[in-house]
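Hello,

Here is the structure I promised to pass on. Have a look at it first, and then read on for what turned up in it.

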Number of protein chains: 2
Amino acid sequence: MIKIGTYSYDEYIQLVKSFHGNMAPGLIIGGFMVDLAMKNLPPGEFYDAICETAVCLPDSVQLLTPCTTGNGWLKVLEFGRFALTLYEKYGGEGVRVYLDTEKLEKWPEIKSWFFKLKPKKEQNLQAILDQIKEAGAAIMTLQKVRVDPKTLHRPKLGKVAVCPGCGEAYPVRDGERCRACRGETPYL
Amino acid sequence: MIKIGTYSYDEYIQLVKSFHGNMAPGLIIGGFMVDLAMKNLPPGEFYDAICETAVCLPDSVQLLTPCTTGNGWLKVLEFGRFALTLYEKYGGEGVRVYLDTEKLEKWPEIKSWFFKLKPKKEQNLQAILDQIKEAGAAIMTLQKVRVDPKTLHRPKLGKVAVCPGCGEAYPVRDGERCRACRGETPYL
């Protein structure tokens with residue numbers, strides 16, 4: 001039986017629909033990627049995650065590992081590469097899994113979807129999903145990596161004070177006022 | 001009975017433990033914040049979310065709304081303000097909820113936790129959680145806001161090509177090589 005993490009394939013599909021909202025092919029590929037990485041993790045109980053794209057992969061990681069956006073164990077780097085890494089958080093030893101475009105040659109539906117070779121309305125979602133399920137880890141490559149812990153250290157929030165601009169609490173390390181009051185506000 | 005979104009308080013606690021990994025006070029406050037925002041949403045079926053901190057709040061949003069990191073409906077702005085916004089994604093009309101430090105005066109355990117007035121080992125987690133549950137929305141303030149849609153538009157991935165540096169697929173808009181190959185790699 002096909003397993004993704006500790007779930008059956010069908011259980012994982014249900015999780016994807018419930019959490020992510022739709023059956024994105026990237027989430028299913030991402031599930032197989034996380035599964036492959038977890039099977040090859042270096043020893044050590046605690047690991048962090050990197051996604052090299054903000055699209056889809058972060059949700060596969062959040063569904064299948066303890067790493068989430070809000071607990072700080074998942075880091076998203078917006079490289080637009082379809083790759084993820086799980087690594088031991090103190091030493092930085094880890095495994096990286098990426099979608100290997102050379103291996104896509106044998107899977108025309110996945111290739112066509114990934115490289116957007118057809119307009120979306122001409123794509124056959126079911127055919128894409130069927131190939132993804134059949135291919136599993138056969139379209140990805142695993143590498144050993146060492147993460148530079150310096151680049152990924154989330155600085156402690158540190159001292160908190162009330163911003164003289166908005167009156168809300170903010171981290172003092174950001175300066176005399178909070179970043180929103182210093183021009184970054186997204187509100188009109 | 002206290003409800004958080006469609007869940008009972010205890011159901012939400014279970015979700016937090018399972019998804020976030022521990023009983024972070026910020027996740028519980030975040031649950032009440034999302035709940036308050038949802039009850040005051042402008043009409044319209046589709047909304048996006050903003051968290052103004054990466055700490056805790058993104059997980060409350062992901063647990064209680066359809067917005068996730070991987071589906072692009074949740075945006076994290078690292079302002080370090082304990083605030084979140086739900087807004088109608090086309091017009092930008094929305095509601096923002098923030099932890100109101102003036103209202104914390106009546107809740108000494110929450111205030112002491114939030115401003116880190118005591119070393120962590122002297123904190124009494126249960127006392128903090130008890131006050132959070134009792135306070136509910138009483139420690140927050142709701143504002144109507146309009147989000148500038150320009151600032152939050154996630155650019156389409158666009159054309160995908162193979163990077164001559166690493167041989168992996170990347171978005172052409174990033175330049176001749178992918179961002180990792182142009183010096184941003186986190187790997188040693």
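This is a predicted model: local features need pLDDT of at least 70, side-chain atom pairs count only at pLDDT 80 or more; totals for chains, interfaces and linings use all residues.

Is it mostly buried or exposed? Of its 15 residues, 11 are buried, so helix 2 of chain A is largely enclosed by the rest of the structure. Among the buried ones are A:Leu27, A:Ile28, A:Ile29, A:Phe32, A:Met33 and A:Val34, and also A:Asp35.

Now turn to chain B. There, the axes of helix 2 (residues 25-39) and helix 5 (residues 125-135) come within 10 Å and cross at roughly 5 degrees. Angles under 35 degrees count as roughly parallel, so helix 2 of chain B is roughly parallel to helix 5 of chain B. Helix 2 of chain B brings B:Pro25, B:Ile28 and B:Ile29 to the contact, and helix 5 of chain B brings B:Ile128, B:Leu129 and B:Ile132. By type, the residues of this contact are six nonpolar, with no polar and no charged ones.

Finally, the two chains touch. Chain A and chain B each give 49 residues to the contact. On the side of chain B, the elements that give two or more residues include helix 1 (9-20), helix 3 (57-64) and strand 7 (140-146). That side divides into 30 nonpolar, nine polar and 10 charged residues.

Best wishes

Notes
Residues are numbered from 1 along each chain as its sequence is written. Chains are lettered from A and ligands numbered from 1 in the order in which they are written. Two residues are in contact if their C-beta atoms, placed from the backbone, lie within 7 Å. Helices (H or I, at least four residues) and strands (E, at least two) are DSSP runs, numbered from the N terminus. Ala, Val, Leu, Ile, Met, Phe, Trp, Tyr, Cys and Pro count as nonpolar, Asp, Glu, Lys and Arg as charged, and the others, Gly among them, as polar. Axes are lines fitted to C-alpha atoms, for helices over the stretch in contact, and angles run from 0 to 180 degrees between N-to-C directions. Angles under 35 degrees count as roughly parallel, over 145 as roughly antiparallel, 65 to 115 as roughly perpendicular and the rest as oblique. A residue is buried if 20 or more other C-beta atoms lie within 10 Å of its own, exposed if 12 or fewer, and partly exposed in between; C-beta atoms are placed from the backbone.
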